[in-house]
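The report that follows goes through selected features of one structure, from local backbone geometry to sheets and helix packing. Please read it alongside the sequence and the model.

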Amino acid sequence: MRISVIGGGPGGLYFSSLIKQLDPTTDVTVWERNAPDDTFGFGVVFSDQTLSGIKASDPSVFEDMGRSFAYWDDVDVDIDGVRFTVAGNGFAAMSRKELLHVLQDRAREHGVPVHFRTEAPPVEQLMAEYDLVIACDGINSAVREQFADEFGTTLDPRICKYMWLGTDLVFEAFEFFIRNTPYGVMQIHAYPMDATMSTFIVEMHEDVWQKAGFDAVDAASLPPGVSDEASIARVKEIFSDILDGYSLVANNSKWVTFRTIRNKTLVHKNLVLMGDSAHTAHFSIGSGTKLAMEDALALAACLREQPTVEAALKAYDQERVPVIKSTQRSAQASLEWFEELAQYTGQDPVQFAFNLMTRSRRITYGNLLERDPDFVQQVDDWLVKHEVARGRVPTGTASVPPMFLPYQVRGVLLPNRVAVSAMDMYSSVDGVPGDFHLVHLGSKALGGAGLVMTEMVCVSPEGRITPGCGGLWNDAQEAAWKRIVDFGHTTFATMGIQIGHSGRKGSTKVMWDGIDQPLDSDNWPIMAPSPLPYLPHSQVPAVMTRADMDLVREQFVETTKRAARAGFDVLELHCAHGYLLSSFLTPVSNQRTDEYGGSIENRLHYPLEVFDAVRAAWPEDRPIFVRISASDWVPDGITFDDILDIARAFKDHGVDVIDVSSGQTTPDAKPEYGRSYQTPFSDRIRNVVGIDTMAVGAISSYDDVNTNIAAGRSDLCAIGRPHLYDPQWTLHAAADQGVKVPWPTPYVGGSWKPPAGRSEDPKPRLVLVPEAELINRPKRWRPTA
């Protein structure tokens with residue numbers, strides 16, 4: 001096999017050595033336009049997982065790298081001089097130049113010719129002459145750009161500016177320095193890379209960068225290799241308290257805007273992308289070098305395992321693309337957290353430190369509890385005091401995992417922070433909930449959740465989504481709901497009702513017969529702010545008149561009064577998911593030109609009118625939640641500034657909690673699904689607007705609930721499908737965490753986790769020294785002279 005590698009960085013060199021190691025007859029040629037000692041950047045960081053892969057695949061490289069590693073465990077978070085240390089994290093770093101020397105030596109040992117200071121021949125020529133061409137020519141890859149359509153390349157430029165520097169101050173750990181300056185918030189990401197140097201990255205929002213005067217020098221005007229010395233001097237001045245007289249070291253150091261590079265596929269014919277040419281991930285979660293070396297290992301393994309190059313590239317693509325997407329999702333969460341850093345600086349330092357540590361959603365409360373239980377105990381203790389001070393937790397409450405803190409809102413005390421999310425069941429008859437609903441909601445109440453929400457209960461027959469939707473407009477329905485609430489109150493749960501009107505999404509089939517599809521017959525008339533059908537073949541809604549608005553408002557009021565008589569503790573007004581009130585809020589469905597359309601203030605007019613009427617009809621000592629869609633997931637949809645205005649408006653009108661969902665307002669939506677994918681919306685609303693929130697959406701583990709509450713991203717978490725899988729989800733979460741909570745008396749015998757069979761049998765010792773202990777990693781990096 002003949003292989004051409006474009007780019008002699010860590011990925012290309014490591015791959016070349018690995019493939020020659022697997023098959024010495026392979027003909028590999030590397031083309032590198034720079035000199036052997038040319039490198040931009042400073043240190044590179046590796047995780048234990050990556051190091052394990054390198055050690056297993058090439059022990060010699062691992063041993064050579066190990067001689068240069070700086071090892072440490074701690075992460076320090078320093079907020080304006082207040083410092084917290086989080087132990088047990090596990091890092092190894094080395095200088096990028098030293099890593100290149102190790103990999104260059106290894107390539108030479110395997111007989112790989114590396115043509116330094118030499119541009120590679122045209123890629124079409126290489127593709128014709130070689131069996132495989134690997135493009136690892138960096139973030140500005142000319143090869144990727146040439147075949148951007150074939151790879152499905154997208155570039156996402158972000159809103160922060162950063163600069164890579166070095167310093168002769170040798171830090172002892174991974175350092176996050178956060179500083180409130182006269183210009184705004186700035187942050188430093190720093191870590192040791194050997195016995196004499198550390199990497200020092202300064203980052204800030206572009207607005208802060210401009211206010212600080214860093215835009216005085218145009219980075220594009222500086223030739224390659226020339227650093228922005230004026231900015232470096234300013235950085236040294238601003239962060240003099242950290243540097244304490246030590247120097248900053250430049251290496252082609254100038255301001256850069258981070259770009260996330262994504263590719264739908266890494267393969268085109270016999271050409272494959274690797275390293276930064278294939279993907280980027282924000283430096284706050286790790287190293288591009290780490291990802292590049294993982295790419296190299298995977299590609300070499302696929303070539304060994306598969307019978308043809310074509311099959312190997314297919315396998316490589318299938319293996320790496322999901323891994324890269326997962327890494328980039330975490331990196332995106334982390335970079336967005338730093339972009340919005342200013343919204344968190346008002347948090348107490350211990351919560352801020354926890355929030356920073358868990359920003360990517362890969363590290364959670366549970367991870368930190370394993371790594372540094374003392375730090376987590378600090379967080380738990382602080383959280384109890386904080387919640388007591390703001391009246392959410394009764395005085396005398398003990399420190400527990402955050403999800404089990406009670407939650408006081410008006411005259412209602414929820415026993416914990418878990419809610420059963422509102423989920424449509426489509427199982428009512430003429431709007432009357434039956435035995436199914438008693439068992440469905442009753443089982444969730446028995447299962448320990450602090451708040452059990454109904455499905456959307458419709459305010460009129462014409463306000464139903466489907467013929468199977470529940471309602472509350474007559475006495476029979478009121479009596480049926482009261483039966484369910486009365487049973488719920490025999491448990492420890494509080495009972496909540498979500499009320500709404502379907503709007504343009506009404507008169508459709510039940511979900512399992514065709515979600516959002518119009519009925520085949522017996523349709524009822526529907527209404528909306530504008531005459532826009534939800535689907536092209538859906539019924540066209542009538543445009544609401546002022547008389548219609550008055551009628552629907554009074555229907556909401558009547559349902560509210562019935563809900564109060566039925567004994568519900570919490571009422572939620574449904575202003576999300578494209579139903580009637582939601583369709584007023586979003587421009588995708590509201591194209592009115594009167595006082596109810598156009599600006600966000602106008603679009604809020606009618607939903608606030610309904611809210612005010614409902615609040616007046618609902619008992620003063622019982623809370624009202626409002627569910628909103630924080631994104632339409634389309635380019636011309638609601639903006640996040642709109643969402644902040646919506647949250648502020650409802651706050652001003654007396655809402656107690658904003659339940660933050662997203663989407664379902666248009667069939668054109670393209671949500672960015674992922675674990676806890678809607679939580680950032682809740683996070684921003686809570687911390688910018690200053691209103692309590694309930695997070696919802698792909699929150700499936702108690703670890704995520706604990707993390708959200710402790711980090712201040714929400715006050716409650718609504719859990720949907722996991723409660724369908726396990727109605728006792730909250731009780732089981734308590735048992736798993738060793739938390740004593742009240743169980744229904746007949747269930748007390750099941751309040752501890754039963755044995756699970758042979759998997760729990762005692763295991764014999766089979767290893768003399770655990771592998772983790774073979775790496776002599778200290779808590780702090782303190783090199784000897």
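## Two positive phi values

Asp244 is placed in the loop that runs between helix 10 (240-243) and strand 14 (248-249). The model discussed here is a predicted one, and in it Asp244 has a positive phi of about 50 degrees, although Asp244 is not a glycine. Most residues other than glycine have a negative phi. Asp244 is exposed, with a relative accessible area of 62%, a value that can be set against the cut-off of over 50% for an exposed residue.

A positive phi is also found at Ser676, again a residue other than glycine, where the angle is near 55 degrees. Ser676 belongs to the loop between strand 27 (657-661) and helix 23 (679-689). Is Ser676 buried or exposed? Ser676 has a relative accessible area of 2% and is therefore buried, the cut-off for that class being under 20%.

A barrel is closed by 8 strands, which follow one another in the order 20-21-22-25-26-27-28-29 with parallel pairing. Strand 20 (residues 418-420) is joined to strand 21 (residues 451-458) by 2 bridges in the parallel sense, and Ala419 has Leu451 of strand 21 opposite to it. Helix 24 (residues 702-711) packs on the sheet, where it touches strand 20, strand 28 (693-696) and strand 29 (716-719), and the direction of helix 24 makes about 155 degrees with that of strand 29.

An open sheet with mixed pairing is formed by 6 strands in the order 8-2-1-9-17-16. Strand 8 (114-115) and strand 16 (267-268) are at its edges, and each has a single partner strand, so one side of each remains without a neighbour in the sheet. Helix 1 lies across strand 1 (2-6), strand 2, strand 8 and strand 9 (132-135), and runs at about 165 degrees to strand 1.

Helix 1 (residues 10-22) also packs with helix 11 (residues 288-305), the two axes coming within 8 Å and crossing at roughly 25 degrees. Helix 1 and helix 11 are therefore roughly parallel to each other, and the crossing of helix 1 past helix 11 is right-handed. On the side of helix 1 the residues that meet helix 11 include Tyr14, Phe15, Leu18 and Ile19, while those of helix 11 include Ala292, Met293, Ala296 and Leu303. Classified by residue type, this contact of helix 1 with helix 11 holds 13 nonpolar, 2 polar and 1 charged residues.

## Helix 3 against helix 4

Helix 3 (residues 59-66) packs with helix 4 (residues 96-109) at an angle of about 150 degrees, and their axes are 10 Å apart. This angle makes helix 3 roughly antiparallel to helix 4, and helix 3 passes helix 4 in a right-handed crossing. Helix 3 contributes Ser60, Val61, Asp64 and Met65 to the contact, and helix 4 contributes Leu99, Val102, Leu103 and Arg106. The residues of the contact of helix 3 with helix 4 comprise 5 nonpolar, 1 polar and 2 charged.

Strand 12 (residues 184-192) is mostly covered, with 9 of its 9 residues buried. Strand 11 (residues 174-181) runs antiparallel to strand 12 and is joined to it by 7 bridges, and among the paired residues Glu175 has Ala190 of strand 12 as its bridge partner. A hairpin is formed by strand 11 and strand 12, with 2 residues between them.

Strand 12 pairs as well with strand 13 (residues 198-205), in the antiparallel sense and over 7 bridges, and here Tyr191 stands opposite Thr199 of strand 13. The hairpin that joins strand 12 to strand 13 passes through 5 residues.

Lys385 lies in helix 15 (residues 373-389), and with a relative accessibility of 63% Lys385 counts as exposed. Between Lys385 and Ala398 there is a separation of 13 residues in sequence and of 9.6 Å in space, taken from C-alpha to C-alpha.

Terms used:
Residues numbered from 1 in each chain as written. Predicted model: local features only at pLDDT ≥ 70, side-chain atom pairs only at ≥ 80, totals over all residues. Heavy atoms only, no water. Pairing = 2+ DSSP bridges. Helix = DSSP H or I, 4+ residues; strand = E, 2+ residues; numbered from the N terminus. Contact = heavy atoms within 4.5 Å. Axes fitted to C-alpha atoms, helices over the stretch in contact; angles between N-to-C directions. Parallel < 35°, antiparallel > 145°, perpendicular 65-115°, else oblique. Left-handed = near helix turned anticlockwise from the far one by under 90°. Nonpolar A, V, L, I, M, F, W, Y, C, P; charged D, E, K, R; others polar. Buried < 20%, exposed > 50% of the residue type's maximum accessible area, 1.4 Å probe, protein only.
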